[in-house]
Amino acid sequence: MARFLMITATSGTNRELADVFATTAIEKGHEAEIVDLVEMDLPMFTMVRSKDPESAPDISDLISSMTEADAWVVIAPEYNGSMPPTLNNAVAWMSMDWQNFRTMCTGKPVGLATHSGGGGAHVIMAMRQQFSFIGADVIGRACLSGRDKEANPETIDAMIDNLAR
Ligand SMILES: Cc1cc2nc3c(=O)[nH]c(=O)nc-3n(C[C@H](O)[C@H](O)[C@H](O)COP(=O)(O)O)c2cc1C
């Protein structure tokens, strides 16, 4: 049994995809929690804000959920050939505590998924680069879906099995 955290960068079709990943994990006997970064509504990261205790957001619940999870699935739409700002912003806030952030990410099994307007290959590449850079163990298989392509249930199954290793 593994504890999964599904991190969705948007609350539309990507949130729906996060629900499918969570349901699949639970049906396989795992635990699954979903974090919706839109619901968190973090302020935009700037160095000025990060140095002001009144302005910096409390992200301790997010850090706890991420630390306690055995594996993450990061689900995000493609925005302009890359990641949406909610995801980039959350990573920037978390990385301010650099040592603990590195420790939390190092070796963490991570799966990537998208529901994008087009193919979504660029956001998968962008997330692969980001999450590999911060030390996570990003699995090769990713789930790409969009307007003209449904998410493949076999891919979701295989990703959950691989991440729960
Ligand atoms: C600002 C913006 C930029 C976008 N850029 C791209 C893009 O580069 N490639 C693409 O395939 N879709 C792009 N889209 C479409 C989104 O990926 C698509 O609508 C996605 O399903 C939205 O996810 P959601 O329903 O979870 O909000 C863009 C949408 C927005 C709002």
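Of the 45 residues in the largest nonpolar core, which touch the most other members? They are Met6, Phe21, Val74, Ile75 and Met127, where a nonpolar core is a set of buried Ala, Val, Leu, Ile, Met, Phe, Trp, Tyr and Cys residues joined through C-beta atoms within 7 Å. The model is predicted, with local features needing pLDDT of at least 70 and side-chain atom pairs counting only at pLDDT 80 or more, while totals for chains, interfaces and linings use all residues. Residues are numbered from 1 along each chain as its sequence is written.

**Overall fold**
- The protein chain has eight helices and six strands, taken as DSSP runs (H or I, at least four residues, for helices; E, at least two, for strands) and numbered from the N terminus.
- Along the sequence these elements follow the pattern β-α-β-α-α-α-β-α-α-β-α-β-β-α.
- The radius of gyration of the protein chain is 15 Å, close to the 15 Å that the globule rule gives for 165 residues, so the chain is as compact as a globular protein of that length; the radius is taken over C-alpha atoms, and the rule is 2.2 Å times the number of residues to the power 0.38.

**Core and burial**
- Of the 165 residues of the protein chain, 36% count as buried, meaning that 20 or more other C-beta atoms, placed from the backbone, lie within 10 Å of the residue's own, whereas 12 or fewer make a residue exposed and counts in between make it partly exposed.
- Leaving aside neighbours within four places in sequence, Val74 is in contact (C-beta atoms, placed from the backbone, within 7 Å) with Ile7, Val110, Leu112, Met127 and Phe131.

**Helix α8**
- In helix α8, residues 153–163, the buried residues are Ile156, Met159, Ile160 and Leu163.
- Seen down the axis of α8, these buried residues fall within an arc of 100 degrees, so they line one face of the helix; the arc is that of the directions from the helix axis to the C-beta atoms.
- The cover over the buried residues of α8 includes α1, β3 (71–75), β4 and β6.

**Ligand shell**
- The ligand is surrounded by 14 residues, of which the closest are Gly12, Asn14, Pro77, Gly117 and Gly118, a residue being near if its C-beta atom, placed from the backbone, lies within 6 Å.
- The elements that give two or more residues to this shell are α1 (13–27) and β4 (109–116).

**The loop at Gly140**
- Gly140 lies in the loop between β5 (137–138) and β6 (143–146), and is exposed, with 9 other C-beta atoms within 10 Å.
- The C-alpha atoms of Gly140 and Gly111, 29 residues apart along the chain, are separated by 8.1 Å.

Conventions:
Two residues are in contact if their C-beta atoms, placed from the backbone, lie within 7 Å.
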